[in-house]
Amino acid sequence: PHVVLSDSPPGLNRSSLFQEREIRSLSAEIESLRRPAGGTSETSRLDQLRDENARLKYRINVLKRSLQEAPPPSRAMTNINQRLQDVFGVAIRAACPELDHPPLSVTPNQQAKFGDYQCNSAMALAQVLRLRGVKVNPREIAEKIVQNLPDNELIQKTEIAGPGFINVHLKRTFVSKLLSSLLINGVQPPPLTSRKKVVVDFSSPNIAKEMHVGHLRSTIIGDSMCRLFEFLGHDVLRLNHVGDWGTQFGMLLAHLQDKFPNYLNESPPIGDLQAFYKESKKRFDEDEDFKRRAYQCVVRLQSRDPDFIRGWNLICDVSRSEFQKVYDCLDVSIVERGESFYQDLMVDVVQELEDKGLLQEDEGRRLLFVPGQSVPLTVVKSDGGFTYDTSDLAALRQRLRDERADVIIYVVDSGQGTHFSVVFAAAQMIGWYDPQVTRVEHAGFGVVLGEDKKKFKTRSGDTVRLRDLLDEGLRRSMDKLKEKERDKVLTPAQLAQAQRSVAFGCIKYADLSHNRINDYVFSFDKMLDDRGNTAAYLLYAFTRIRSIARLADLDEAALRTAAETCEVQLEHEKEWKLGKCILRFPEILHKILDDLLLHTLCDFLYELATTFTEFYDSCYCVEKDRQTGAVVKVNLWRLLLCEATAAVMAKGFDILGIKPVSRM
């Protein structure tokens, strides 16, 4: 392998080396001034030399301080697209100085023969200028942009094509250095301009009801969004806005008193809370006396009667235990903060709205009308009770004021879109936040469909329980592993690990790989297929890539030494294609941060895996003796490309909440 040698001290960048050289030069100049030629003793000459000496010493001290204070070289991954936008932004402003905010567009080139990236700004600039009465050919603008490109380390050459497309060819040495940095430093997040407080509201099941397939999407999508923000360095609060308050608890508490009258002294054995809920609901619908008692229980609960609070906590604890089993399977961590948390805060909200004169009376109800919205918010019911509208207003206010959130994301089904539009508009009208400063967003999603394209239900027509769905995934993934005879080569522990990885990874990926805005069809057969854009295919591909280093008999220490000493060569077209694909990872994350569409990451991982397959089929990494099977040659830079691919895939899996295994 080609070894790159450097005579510069470790840890110094080009700027630091330049400063060191200037210090040595200035020191030599001072020394020469101490021994002036000719030995003159003229006072004026000595004064001049002393002034010069003092000036040079001051300059040296400034340089030394700047050298000491200079930040270390960044370990963050470089967003090539962003760097190109910076370079072209300078050129466009120089080419069209009369425009305050000139359009800027740089995208990866879809066809390799035209280059690596493309700047398409010339046509848009011509259109803007035409609107100002200035007629100019887009190609002329493109030529001016190219002429004004500043010196940079990433562009090898540019070509103008068609009406004014600027095709960009990257320097291979630049891409090689970025790959070496990735291998040495690991997959690091892009530089963070400011650390934000991010609140993500997701999952949100109801107490006393089992989690069903409808909660699957919110839980998976919300967890993945949190993982993305956390990887990028933000302070993330994961909130579970559970339904743990309301009139339904009256019937549950009344039923608890009847079925387990000694519940205050002995913990009631409520094994099946769903059945318990159905029993109480049946009584509530059919027995007027029970219904009256249920309403009395609600009043006692809301007045914080200790005995009723105890019963309420017992019911909540049973639910929490069941919810946690699902969260453990899906490897989801979340902080519970249910509707009960906001009860007192709702009183404050109503008071604030009344003080500001924003509420209107309507048949005993107090409504909040928001300009531009078709429906008002019901803040107080005619019986004096609060509503979901009040609860959501209180939750948003608390997150803005107490949590001091910069970003708040609600991962709730698209059916709630109108409701959140009104709540967000109301909060802006009240003056709680400025959308130019604080990002408050509803990340809606479609429903889960069965293979008949209808709402996903059991054969009997019931909603599919999430626990049953996960158990079915485990059963099917084991069948798939045994079909591939993995039970004959893996230990029982490895097989069980692979089973969970495939089952839960496939369920998550099947959801995340679809645009969340659309409905999607749930199919175990499709998600467990190891062909196409599925978790099964990606997990097997990842395991295969990881096995290449084992095949070469290289441990982590040897790979690290190779990364530090071996230049990643990119001469073969498949090496070049793979290297560029690996380095698009920061661009992908930046896009998802903007639109919160996680299928973009899934598409990228699939593209990376297929690009790797092309590379591996064309470029040998480890050469073996055909007769003995012994390794006779290892191509280190290609092995490093394998490692870089695996590192980016592993981080992508982590953001998606998927756990790959080393052997499958």
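Me: Leaving aside its neighbours within four places in sequence, with which residues is F522 in contact?
Reply: Contact means heavy atoms within 4.5 Å. This is a predicted model, in which local features need pLDDT of at least 70, side-chain atom pairs count only at pLDDT 80 or more, and totals for chains, interfaces and linings use all residues. Residues are numbered from 1 along each chain as its sequence is written, and side-chain values use heavy atoms, with hydrogens and water left out. With neighbours within four places set aside, the contacts of F522 are L216, V448, L449, E451, F456, L469, I507 and M527.

Me: How many residues does the largest nonpolar core have?
Reply: A nonpolar core is a set of buried (under 20% relative accessible area, 1.4 Å probe, protein chains only) Ala, Val, Leu, Ile, Met, Phe, Trp, Tyr and Cys residues joined through side-chain atoms within 4.5 Å. F522 and L216 are among those with the most contacts inside the largest one, whose residues number 165.

Me: Which helix gives the most to this core?
Reply: Helices are DSSP runs (H or I, at least four residues), numbered from the N terminus. With 13 residues, the one that gives the most is α23, residues 636-656.

Me: How many disulfides are there?
Reply: A disulfide is a pair of cysteine sulfur atoms within 2.5 Å. For C619, the nearest cysteine sulfur belongs to C621 and is 7.2 Å away, so C619 is in no disulfide. By this rule the count is zero.

Me: Is C619 buried or exposed?
Reply: The relative accessibility of C619 is 1%. C619 therefore counts as buried.

Methods: Buried < 20%, exposed > 50% of the residue type's maximum accessible area, 1.4 Å probe, protein only. Helix = DSSP H or I, 4+ residues; strand = E, 2+ residues; numbered from the N terminus.
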